[in-house]
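Biologist: I'm new to this one. Could you pick a single part of the fold and walk me through it slowly, strand by strand?

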Amino acid sequence: MVVARLRRSVAIVGGGVSGCSAAHRLATSGAVDVTLFDWGRAVGGRTSHRLRPEPAADGSDVSLQFDHGAQFFHVDDPTFGALVLPHAERWPTDASRLVLLDAAGGPPVPLAQRSDGAGGLFFGVGRTELAPVRYVARGGMGALVRGMLNAAYHSTDGLALRVYEGSRVASCERLPDGRWRLRGDGLGHEQSTADALAKSEGRLLGEFDELLVADHMAAAMPDWHPCCLRGLADATPRASAALRASLGWDEGVRRFSKIRPLFTCMVAFAREAGADCAVEAHDAPFDAAAIVGSDVLQWACAQRARPHGGARGARGAGEAEGDALRAHRWVLVSTAEFADKCLSGEGLSRAPARAAGAAGAEYVPQTDGYLRADPAAAMLCEFERILARSGARGEGAALAPAARTPLLVKCQRWGAAYCAPDPPGDGGAARAELAAALCEAEENMSVTLCGDYVSMLGLDGSAPDDAFAIQRAALSGIRAAERILARAAA
Ligand SMILES: Cc1cc2nc3c(=O)[nH]c(=O)nc-3n(C[C@H](O)[C@H](O)[C@H](O)COP(=O)(O)OP(=O)(O)OC[C@H]3O[C@@H](n4cnc5c(N)ncnc54)[C@H](O)[C@@H]3O)c2cc1C
């Protein structure tokens, strides 16, 4: 009798670009079975696309779409290009509509006309010498990873890949036979520590041969953070300690110093009869602007200029629902310094409210109450100020306050938006220890880590560069998948 050898199973915790790229590589190999869990309402992580139903004046709901995380990506690697370009479009189509705005004043300058490489601008946007073309996903940024997963699913007839969205992996346990038992729940984002801990023994999600953790928060946060994959630090203490040290964990403020926060602000202005001046005022003569000289903002992007139709199968459907009907949408991105300032007041966590002497802290969910109007109001006000100073609004655009009242102003806190690279020459010893510890965890425990931070910490041997953050996240997932496949074949 011939007994078929069962394929190895891989669980992926995290469905951002890195986790989904890994899932694609693993599933299309035909060599392993893949199950991906993501905590968010939908896969995408920081490349997410938000579709918000808002009440319209006639009582119906209007969908307002925003790319409120990553804004665009560069491609200079053929493997990454082959994975994502089928789901992407060059952006913006008219280069003159991507500009630099100086908060001190002066007209918008098309970035393409600058010859200084504009280093240091938002995710390398002005570095035309490095990456002259930018892309966005067709159908909103979340469509990037959905495209990868769909391609993998169809190429394997759906047999090798399962995806669970809205599914938090709360804990992992290494069984005597070396497999990983995962438990979790359907607890949504922005829950309290108490809720997260209460559910950490949640339902059984399955048992797997390999565990791929595609999120640094899941891998390295202490257990008061709802993201934390409990049990991992106990099973892989050396890797956990090295990762925390490399990311600059500071117990005093309960944050990683190298992981920088950002706030994004989604703004929509009504396009209704009688409110035309509001449209004019915000109908700036550019599609997106990198902003310099502002403590508050570093990026502003009109959503109407993005190819959002794909999610509904036709370019322009987003326009029809959002802009043409009634709303003119912008996404504003804060500076990391502004986000730091907001967080120093409100924090990601507060001191332990549990039993006296207990370790840990309480996670502060970003409820509407937490965000209040503060970050949003400051960001919108700064945008108005910069537009006015640049003359981008045109003459005579002073508005009655009522006409300027936005339909929606909503902030999103990205407590872990990107990983700041070490200054050249720094961090060598910590990097060597982390590389050795991760290698040990892979070989001895079948645990692999991936994510943009793996590359930004310089672990893949390349010079960290945030202009390629999304590409780096994807390549880190693909490389992690290849190491898993090599072990499966051994
Ligand atoms: C506002 C903003 C703007 C940006 N702009 C750009 C840009 O223009 N260009 C660029 O290249 N990069 C940009 N970036 C950075 C880029 O988005 C990231 O580098 C990249 O998306 C990281 O992908 P990742 O897979 O490593 O992590 P993530 O996208 O963070 O994915 C991790 C996933 O793990 C999930 N997860 C966490 N814990 C658990 C758990 N316990 N159980 C289940 N799931 C879990 C999370 O829900 C998340 O989906 C931006 C980031 C932000 C925040």
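This is a predicted model: local features need pLDDT of at least 70, side-chain atom pairs count only at pLDDT 80 or more; totals for chains, interfaces and linings use all residues.

**A parallel sheet and what surrounds it**

Modeller: Strand β11 spans residues 180–185 and is mostly covered, with 5 of its 6 residues buried. Another strand, β12 (residues 203–208), also runs antiparallel to β11, and 5 bridges join them. One spot to look for there is Leu182, whose bridge partner in β12 is Gly206.

Now for the sheet itself. It is an open one made of 5 strands, in the order β9-β2-β1-β13-β23, and the pairing is parallel. At the edges you'll find β9 (161–164) and β23 (447–449); each has a single partner strand, so one side of each is left without a neighbour in the sheet. On average, neighbouring strands are turned by 15° against each other, if you ignore direction.

Let's zoom in on β1 and β2. Strand β1 covers residues 8–13 and β2 covers residues 32–37, and they pair in the parallel sense over 6 bridges. For a landmark, take Ala11: its bridge partner in β2 is Thr35. Packed on this sheet is helix α1, residues 17–29, which touches β1, β2, β9 and β13 (210–213). The direction of α1 makes about 155° with that of β2.

Leaving aside its neighbours within four places in sequence, Leu212 is in contact with Val10, Ala11, Ile12, Ala22, Thr448, Cys450, Ala480 and Ile484. Leu212 also takes us to the largest nonpolar core, which has 134 residues. Ala23, Leu212 and Val213 are the ones with the most contacts inside that core. Helix α16 (residues 469–489) supplies the largest share of the core, 9 residues. The core also draws at least three residues from each of two domains: domain 1 (8–47 + 143–257 + 422–489) and domain 2 (92–133 + 259–419).

Technical notes. Residues are numbered from 1 along each chain as its sequence is written. A nonpolar core is a set of buried Ala, Val, Leu, Ile, Met, Phe, Trp, Tyr and Cys residues joined through C-beta atoms within 7 Å. A residue is buried if 20 or more other C-beta atoms lie within 10 Å of its own, exposed if 12 or fewer, and partly exposed in between; C-beta atoms are placed from the backbone. Helices (H or I, at least four residues) and strands (E, at least two) are DSSP runs, numbered from the N terminus. Domain bounds come from an automatic or database domain assignment. Two residues are in contact if their C-beta atoms, placed from the backbone, lie within 7 Å. Two strands pair if DSSP finds at least two bridges between them. Axes are lines fitted to C-alpha atoms, for helices over the stretch in contact, and angles run from 0 to 180 degrees between N-to-C directions.
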